[in-house]
Amino acid sequence: MGGLKAGAAAVDITPPLGIRMAGYFGERVARDVHDPLFAKALALDDGETTLVIVVCDLLGVKRERLDEAKRLIRERTGIPPSNVLICCTHTHTGPDVDDLGYPPSRERGAGDFGYGELLARKIADAAQLAVERLEWAEVGVEREEEPKPLGNRRFYMRDGTVWTNPGLRNPDIVGPAGPVDPELLVLCARSRGGGRTVGLLANYAMHYAGLSPTEKGEDMYTISADYFGLYADIVQRVRGERFVAMLANGASGDVVMFDAMKPHKEANKFMGHAERVAALLAAKTVWAWNQMDFAGDVKLAAAAEEVAIPRRLPTEAEIEFASKLARGEVKAVNMRHLALKHFFYPRLDEFLSAPKYVRTWVQALAIGDQAAVVGLPGEFFMELGLRIKRESPFKYTFVCGLANDYVGYVPTLKAFREEGPLEKSGSYETTIGPNMLVPEAGDMIVETALKLLHKLYDEVSAK
């Protein structure tokens with residue numbers, strides 16, 4: 001017997017209570033657990049090439065940590081790093097791995113308790129288990145659309161500036177500064193002959209949908225996999241079987257869980273909005289699933305390229321304005337000001353002394369000549385993800401953000417040009433601190449991704 005094999009596994013990566021959390025302004029320490037976090041892996045093998053995709057319920061993880069996980073995977077399985085894609089969902093209710101979030105004061109004794117070192121081994125465990133569970137299989141891919149929860153979070157304002165999250169139905173909003181992408185891509189691996197489900201990989205671009213915009217209090221200190229975890233539970237219940245269900249985030253750097261220009265009715269319980277978004281996507285997943293064509297003879301291929309992106313250097317004006325915000329001489333009135341105050345100024349020495357280039361990964365995997373998976377190393381703007389899909393030679397292109405590294409926000413060049421003056425603009429994602437790369441970085445990385453996709457398409461088409 002020849003053809004395709006597939007295997008899947010999920011490993012619990014829930015951190016201990018007391019760990020620092022990431023995702024909001026201000027230090028948070030975990031006090032409770034709503035639901036567990038996982039590293040979920042799907043392995044595919046065509047007899048010549050093995051691919052592994054791992055989706056982690058985390059905000060983001062830096063390259064060094066994920067490179068170590070890939071080293072362990074190669075040591076245990078022989079699979080090269082170029083064939084292993086590790087991405088994060090971007091839950092805002094998970095641990096702060098590698099101090100990606102608000103600079104901690106450490107006054108309350110919070111730490112990571114060695115979590116980062118353990119994480120690399122747990123990710124490798126998930127990949128190893130998925131490979132050990134390989135069985136004869138067939139895969140299907142299909143798409144659906146779900147626009148209801150989506151909204152671009154950046155808006156043109158009446159004064160000519162661009163603001164991030166200016167407030168629900170703000171009368172000064174003129175219109176959104178970017179698009180959304182309602183596409184939901186679904187890949188299913190099932191045992192040969194239409195048997196049980198081995199694993200499911202879905203891909204949807206939305207920042208997250210955990211805490212609703214007005215939830216506060218103790219809920220802010222609760223660990224959760226966000227709507228990504230709820231989605232996995234719901235889709236399994238609908239199908240009536242247990243399998244590894246993974247939802248990877250897309251190019252969602254400027255896409256939020258509601259449209260600020262429309263009425264937004266709050267959910268009536270903790271994680272209620274996450275639940276309703278998860279249910280919407282689970283329903284569309286089942287719709288796509290039941291119209292898939294499955295094949296057991298697809299060819300696999302992988303490619304990864306290290307790129308060196310110039311690092312953004314702070315201007316004297318940015319340093320001076322950020323110092324005034326930090327000293328309270330100027331009031332922070334928008335997201336850009338908060339970014340300068342909380343994410344840039346406390347790390348000023350780091351920005352001034354950092355290497356001139358950020359070396360990171362761009363990756364692509366081919367699953368036959370119909371489907372491809374792209375790994376992008378940060379929070380990319382929607383327009384960049386849409387360009388990859390539009391120019392990809394594959395019918396279905398999964399764009400996975402926060403993959404293999406975390407390099408912060410990667411906006412479009414257009415977004416930087418529309419930024420506006422420091423004192424008035426409210427553009428968060430283009431602000432130094434959340435953003436660390438030069439404005440041309442997005443185009444540089446997208447060009448690399450497209451080059452890899454065309455290379456892989458030629459390779460699998462020739463097999």
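Author: In this predicted model, the contact between helices H5 and H6 draws on Glu318, Ile319, Phe321, Ala322, Leu325 and Ala326 from H5, which meet His337, Leu340, Lys341 and Phe344 from H6. Sorted by class, this contact contains seven nonpolar residues, one polar residue and two charged residues. H5 spans residues 316-327 and H6 spans residues 335-344; their axes lie 9 Å apart, at an angle of about 85 degrees. Angles of 65 to 115 degrees count as roughly perpendicular, and H5 and H6 are therefore roughly perpendicular to each other.

A second pair may be described in the same terms. Helix H8 (residues 382-391) and helix H10 (residues 441-462) have axes that come within 10 Å and cross at roughly 25 degrees. Because angles under 35 degrees count as roughly parallel, H8 and H10 are classed as roughly parallel to each other. Their crossing is right-handed. On the H8 side, the contact is made by Leu384, Arg387, Ile388 and Glu391, while H10 contributes Gly442, Asp443, Val446, Glu447, Ala449, Leu450, Leu453 and His454. By class, six of the residues in this contact are nonpolar, two are polar and four are charged.

Thr50 belongs to strand E6, which covers residues 50-56. With a relative accessibility of 15%, Thr50 counts as buried, because the cut-off is under 20%. The side chain of Thr50 forms a polar contact of 2.8 Å with that of Asp45. Apart from neighbours within four places in sequence, Thr50 touches Leu44, Asp45, Ile79 and Asn83.

Notes: Residues numbered from 1 in each chain as written. Predicted model: local features only at pLDDT ≥ 70, side-chain atom pairs only at ≥ 80, totals over all residues. Heavy atoms only, no water. Axes fitted to C-alpha atoms, helices over the stretch in contact; angles between N-to-C directions. Helix = DSSP H or I, 4+ residues; strand = E, 2+ residues; numbered from the N terminus. Parallel < 35°, antiparallel > 145°, perpendicular 65-115°, else oblique. Left-handed = near helix turned anticlockwise from the far one by under 90°. Contact = heavy atoms within 4.5 Å. Nonpolar A, V, L, I, M, F, W, Y, C, P; charged D, E, K, R; others polar. Buried < 20%, exposed > 50% of the residue type's maximum accessible area, 1.4 Å probe, protein only. Polar contact = N/O pair within 3.5 Å; in protein donor to acceptor, adjacent residues only side chain to side chain.
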